[in-house]
Each structure stands twice: as structure tokens, then as C-alpha cells.
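Here are some notes to read beside the model. Keep the structure open and follow the points in order.

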Amino acid sequence: ARYSAIQAYCAHADAEAIHHFDRLAKTFADLAKNSLPHLEPILADLKRRKALGTFGKQPEKDWPSGFAAWDVKRRVDYIINSLDQVDGTPPESQRDSWNGRDDFTRDRRYQALIEIGDAAIPALIQTIESDDRLTRFPDAHVAQRDPIELCPIYSVRDVAEQAVWDILRTDK
């Protein structure tokens with residue numbers, strides 16, 4: 001059920017994901033806090049998406065009309081607002097070289113922030129400080145280390161932090 005829940009969540013099949021996560025929470029209520037620490041944040045994010053009307057909706061595949069002509073602040077704000085849709089789906093141009101769901105830095109939203117560069121840093125820092133949203137991108141490295149654990153989902157903060165490091169061309 002853990003893998004079905006994560007797969008459904010990452011595929012934007014939110015009703016199915018909630019069903020699986022609720023079943024996990026009920027079945028393993030006594031273990032959920034210790035053994036499944038990522039369960040509550042994912043359920044909270046699904047509820048947030050439902051309240052916003054984005055529950056079960058696929059992200060836009062293209063930028064809005066006229067996006068390239070928008071001023072930098074408006075583009076950065078739009079991109080950061082959409083970081084909760086980072087899901088590991090490769091851009092068309094990278095489908096042949098895509099090696100699985102292990103690198104959110106290939107996401108078009110992430111790449112657009114890197115292209116904007118230094119002008120995006122203040123908004124990214126604000127995001128790191130205050131954004132509690134999750135992406136749709138699982139941390140597959142945890143699943144490889146511990147197949148029993150419910151794999152965590154990268155947060156929007158994680159994506160913003162990595163973008164800052166990449167824009168500044170430095171390591172953590």
C-alpha cells in the first residue's frame with residue numbers, strides 16, 4: 001500500500017492516493033508516527049491541494065501565453081508558485097536520456113529559475129524560510145536504502161534551496 005500511495009500521489013491521482021494513505025494511517029495507526037513519519041505531511045498536502053482546487057489535476061505542460069515577455073518578478077513568482085507541481089516528468093527534449101525519477105533539477109520549472117539566475121535569489125530565500133508545500137517528487141534514495149520506509153517527498157523548500165546553490169554555483 002505504501003508504494004501504491006506514493007505512486008498515486010506522484011502521478012496526481014490524488015483521490016487514489018488519499019484512499020491508500022488513509023488506509024495506511026488506519027491500519028498502522030500505532031506505528032504511523034514512528035514508522036511512517038512522512039504520512040501526515042503528505043496527507044496535509046493533499047488536503048491543501050483539495051482546498052486550492054488543484055486536487056488530482058495535472059500541471060500545465062507549457063508556460064502561460066506571453067510568459068517570456070513577463071517581467072522577471074512576475075515570472076519568478078509564477079514559477080515558485082508552481083514548484084509544488086515538480087513531479088519528475090522529463091521534458092520532451094530529455095526523454096531519451098532520462099534515467100528515472102531521481103533528479104528534480106531537470107524539471108522545466110527548476111531550469112527556468114536557474115536561467116533567471118541571481119534575480120530569483122530573494123524570492124527563493126523567502127520560499128526556503130516560509131513555504132511548507134510538497135512537490136510530487138519522491139526521494140528515491142531513501143527507498144533504495146530502506147524499502148520498508150514510506151519514501152519522503154521533496155518539499156518546495158528542498159527545490160528552492162538547491163536552486164539557490166545552483167544559481168550561486170556552490171555546494172552546500
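1. Start with Arg49. This is a predicted model, and in it Arg49 has a relative accessible area of 0%. Buried means under 20%, so Arg49 counts as buried. Arg49 sits in helix H4, residues 39-52.

2. What does Arg49 touch, leaving out residues up to four places away in sequence? The list is Tyr9, Asp14, Thr54, Phe55, Asp84, Gln85, Leu134, Thr135 and Arg136.

3. Next, look at a helix pair. Two packed helices are described by the angle between their axes and the distance between the axes. For helix H6 (residues 108-116) and helix H9 (residues 156-168), the angle is about 35° and the axes are 9 Å apart. The crossing of H6 and H9 is right-handed.

4. Which residues make this contact? H6 supplies Tyr110, Leu113 and Ile114. H9 supplies Val159, Gln162, Ala163, Asp166 and Ile167. By class, the contact has 6 nonpolar, 1 polar and 1 charged residues.

5. Now the largest nonpolar core. It has 23 residues. Ile79, Leu83, Phe104, Leu113, Ala120 and Leu124 touch the most other members. Helix H5 (72-81), H6, helix H7 (121-130) and H9 each give two or more residues to this core. H9 gives the largest share, 6 residues.

6. Take Leu124 as one case. Setting aside neighbours within four places in sequence, Leu124 is in contact with Ile80, Leu113, Ala160, Ala163, Val164 and Ile167.

7. There is also a second, separate core of 15 residues. Among them are Leu39, Ile42, Leu46 and Leu134.

Methods:
Residues are numbered from 1 along each chain as its sequence is written. This is a predicted model: local features need pLDDT of at least 70, side-chain atom pairs count only at pLDDT 80 or more; totals for chains, interfaces and linings use all residues. Side-chain values use heavy atoms; hydrogens and water are left out. Axes are lines fitted to C-alpha atoms, for helices over the stretch in contact, and angles run from 0 to 180 degrees between N-to-C directions. Helices (H or I, at least four residues) and strands (E, at least two) are DSSP runs, numbered from the N terminus. A crossing is left-handed if the near helix is turned anticlockwise from the far one by less than a right angle, and right-handed if clockwise. Contact means heavy atoms within 4.5 Å. Ala, Val, Leu, Ile, Met, Phe, Trp, Tyr, Cys and Pro count as nonpolar, Asp, Glu, Lys and Arg as charged, and the others, Gly among them, as polar. Buried means under 20% relative accessible area, exposed over 50%, partly exposed in between (1.4 Å probe, protein chains only). A nonpolar core is a set of buried Ala, Val, Leu, Ile, Met, Phe, Trp, Tyr and Cys residues joined through side-chain atoms within 4.5 Å.
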